[in-house]
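Please read this briefing beside the sequence and the 3D view.

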Amino acid sequence: MVKDDCIFCKIMKGEIPSATIYENSDFKVILDVSPANRGHALIITKEHYDNIFQLDAETAGKLFSLATVVARAIKEETQCEGLNVVQNNGEVAGQTVNHFHLHLVPRFKGDNVSVTWKQGESDSNDLAELAKALKKRI
């Protein structure tokens, strides 16, 4: 499925140019036009999925297999010291394009890129209850 009003679907159809670094029947990997750092890449599903909640397990497995290959290529080419794998789902989580995509962000010492959060506190009883409830759903 492709959506006419989706920027990533337009990239898939060739209506919007991209710096494509890899493509197969399931994914297109492009360099981000507004990168956090040089080498920031996006792995985009060719089929339109709004977010991870719509993604099937087979596609997700292929995605992360591809992500390891692309991450190694980015590391070799940019000589980055680390790499963040970022994937946002829903507006509240920072998703700005409602088409599933995975960010691979190369990291360098002192680069001022931030993808961290303030660590919260937990209650052991709450953790146990939540773990029990989640186990039932998996």
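Is Glu58 buried or exposed? Glu58 is exposed, with a relative accessible area of 57%, where buried means under 20% relative accessible area, exposed over 50%, and partly exposed in between, with a 1.4 Å probe and protein chains only. This is a predicted model, in which local features need pLDDT of at least 70 and side-chain atom pairs count only at pLDDT 80 or more, while totals for chains, interfaces and linings use all residues. Residues are numbered from 1 along each chain as its sequence is written, and side-chain values use heavy atoms, with hydrogens and water left out.

**Overall layout**

- The secondary structure of the chain comes to three helices and five strands, where helices (H or I, at least four residues) and strands (E, at least two) are DSSP runs numbered from the N terminus.
- Read from the N terminus on, the elements follow the order α-β-β-β-α-β-β-α.
- Along the principal axes, the C-alpha atoms of the chain fill a box of roughly 50 × 40 × 25 Å, and buried residues make up 34% of the 138 residues.
- Of the contacts in the chain with a separation of 6 or more, 55% are between residues 24 or more positions apart, a contact being heavy atoms within 4.5 Å.
- Glu58 has its place in helix α2, and its C-alpha atom is separated by 19 Å from that of Asn88, which is 30 residues apart from Glu58 along the chain.

**The sheet**

- Five strands form an open sheet in the order β1-β2-β3-β5-β4, with antiparallel pairing; two strands pair if DSSP finds at least two bridges between them.
- Because β1 and β4 (82-86) stand at the edges, each with a single partner strand, one side of each is left without a neighbour in the sheet.
- From one strand to the next the twist averages 15 degrees, with axes being lines fitted to C-alpha atoms (for helices over the stretch in contact) and angles running from 0 to 180 degrees between N-to-C directions.
- Helix α2 packs on the sheet and touches β1, β2, β3, β4 and β5, while its direction makes about 25 degrees with that of β5.
- Strand β1 (residues 20-23) is joined to β2 by three bridges and the two run antiparallel; they form a hairpin with three residues between them, and Glu23 stands opposite Lys28 in β2.
- Four bridges join the antiparallel strands β3 and β5, and Leu42 stands opposite His103 in β5.

**Nonpolar cores**

- The largest nonpolar core has 15 residues, and those with the most contacts inside it are Ile43 and Val70; such a core is a set of buried Ala, Val, Leu, Ile, Met, Phe, Trp, Tyr and Cys residues joined through side-chain atoms within 4.5 Å.
- The elements that give two or more residues to this core are β2 (27-31), β3 (41-45), α2 (57-78) and β5, and α2 gives the most, with five residues.
- Not counting residues up to four places away in sequence, Ile43 touches a set of residues including Phe27, Val29, Leu63, Val70 and Leu104.
- A second, separate core of nine residues includes Phe8, Met12, Leu42 and Val97.

**Arg107 and Asp111**

- Arg107 lies in strand β5 (residues 101-107), whereas Asp111 is in the loop between β5 and α3 (124-137).
- The side chains of Arg107 and Asp111 make a polar contact of 2.9 Å, a term that stands for a pair of N or O atoms within 3.5 Å; within protein, one must be able to donate a hydrogen and the other to accept it, and residues adjacent in sequence count only if both atoms are side-chain atoms.
- Asp111 is buried, with a relative accessible area of 18%, and its side chain also has a polar contact of 2.8 Å with the side chain of Asn37.
- A polar atom of the Asp111 side chain lies 2.9 Å from the backbone nitrogen of Phe108.
- Beyond its neighbours up to four places away in sequence, Arg107 touches several residues, among them Asn37, Cys80, Glu81 and Val115.

**Cysteines**

- A disulfide is a covalent bond between the sulfur atoms of two cysteines.
- The count of disulfides comes to zero when a disulfide is taken as a pair of cysteine sulfur atoms within 2.5 Å.
- The sulfur of Cys9 is 3.7 Å from the closest cysteine sulfur, in Cys6, which is too far for a bond.
- Cys6 counts as buried at 7% relative accessibility, and Cys9 is buried with a relative accessible area of 0%.
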